[in-house]
Amino acid sequence: MKIALAQWRVEAPVSFDEFAARVSAEVGAAAVQGARIVVLPEYLALELASTLDPKTRADIPATLAALQIVHDRWLRLFAGLATAHGIHLLAGTFLLAQPNGRYRNRAWLFAPDGSRVFQDKLTLTGFEKAMRVIEPGDALKVFDTAHGRIGIAICYDSEFPLYARAQREAGARLLLVPSCTDTEAGATRVRIGCMARALENRVYVARSVTAGCAPDNPALDTNTGIAALYAPSDRGLPDDGVVAAARAGQAWLVVDIDFAAIEANAADAQVAVPADWSQQARPGVERAKVEKG
């Protein structure tokens with residue numbers, strides 16, 4: 001089964017229609033390559049800030065409020081693309097207004113029949129907290145699909161082991177990580193988080209990223225990171241844990257996911273972290289003792 005991971009070059013569309021035309025062409029290009037799951041990056045909706053006037057665009061909370069008017073069109077766009085190409089499509093994220101006036105960073109996953117489910121970001125970065133209008137989600141989910149159970153960890157959430165562990169225990173064998181980072185350090189943290197989650201849980205972790213520079217868009221001005229697919233480092237799998245990684249300037253990383261490869265060596269794996277996970281909760285090791293050295 002092929003998955004397509006976006007390395008999305010941030011541009012400055014002048015209208016939603018222009019944005020939709022580009023998204024449609026890019027998703028179509030990924031589908032033509034045989035991708036059955038297509039993953040776009042975190043904060044994709046904020047590319048539409050370029051459709052707003054300069055004063056609104058310079059104020060991120062004002063930008064979030066102004067973009068709510070396009071949410072219904074957003075849903076129709078991605079539902080239509082998922083249906084047209086017969087794919088599962090993770091539509092990046094959209095910061096969606098809540099009844100309490102705050103926003104949640106929401107990743108919509110569309111099925112080939114146009115239906116949709118979502119995962120909200122569960123832990124906020126310092127940048128998101130500083131805006132004082134974004135709140136974390138309050139539910140962790142996995143989704144049944146024709147390709148097995150899938151979990152979503154939005155960017156920073158991939159750095160927290162217990163989220164992915166709970167998703168793995170609920171049956172997830174693939175973790176989708178839409179991300180957006182603006183420094184090399186941030187990109188490294190997400191990369192290491194993805195690789196650690198793959199190792200700990202014996203799952204594939206698939207990361208999409210934003211790329212390039214958009215100096216007139218405060219939320220997406222600088223973008224770093226490499227789209228990649230990670231797996232546990234074990235027999236029959238890549239020694240470095242990297243199944244594939246995009247080249248600089250590459251728009252899509254389209255790669256095969258072989259679930260059988262992970263299952264095939266489960267019985268004689270070099271390490272069995274999922275099976276040994278409970279060892280961390282043994283009496284005497286659950287908390288560290290302080291001794292005088």
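Let's start with helix α1 and its buried residues. They are F16, F19, A20, R22, V23, E26, V27, G28, A30 and A31. Keep in mind that this is a predicted model.

Look at the charged names in that set. R22 and E26 are both among the buried residues of α1. Now the spacing. An α-helix has 3.6 residues a turn, so residues three or four places apart point the same way. With that in mind, follow F16, F19, V23 and V27 along the buried set.

Next, the length of α1. The helix covers residues 16-32, 17 residues in total. At 1.5 Å a residue it should span 24 Å, and its end C-alpha atoms are 24 Å apart, so the two agree. After α1 comes G34, with a positive phi near 100 degrees.

Now zoom out. The protein has nine helices and 14 strands. Its C-alpha trace spans about 60 × 50 × 35 Å along the principal axes. Why call it a compact globule? Because a compact globule of 293 residues would have a radius of gyration near 19 Å, and the protein has 19 Å.

Buried residues make up 52% of the 293. Of the contacts with a separation of 6 or more, 68% join residues 24 or more positions apart.

Last, the surface and the charges. The protein carries 31 positive and 33 negative charges, and their mean positions are 4 Å apart.

Terms used: Residues numbered from 1 in each chain as written. Predicted model: local features only at pLDDT ≥ 70, side-chain atom pairs only at ≥ 80, totals over all residues. Heavy atoms only, no water. Helix = DSSP H or I, 4+ residues; strand = E, 2+ residues; numbered from the N terminus. Rg over C-alpha atoms; globule rule 2.2 N^0.38 Å. Buried < 20%, exposed > 50% of the residue type's maximum accessible area, 1.4 Å probe, protein only. Contact = heavy atoms within 4.5 Å. Lys, Arg positive; Asp, Glu negative; His and termini not counted. Charge placed at Lys NZ, Arg CZ, Asp CG, Glu CD. Expected span 1.5 Å × (residues − 1).
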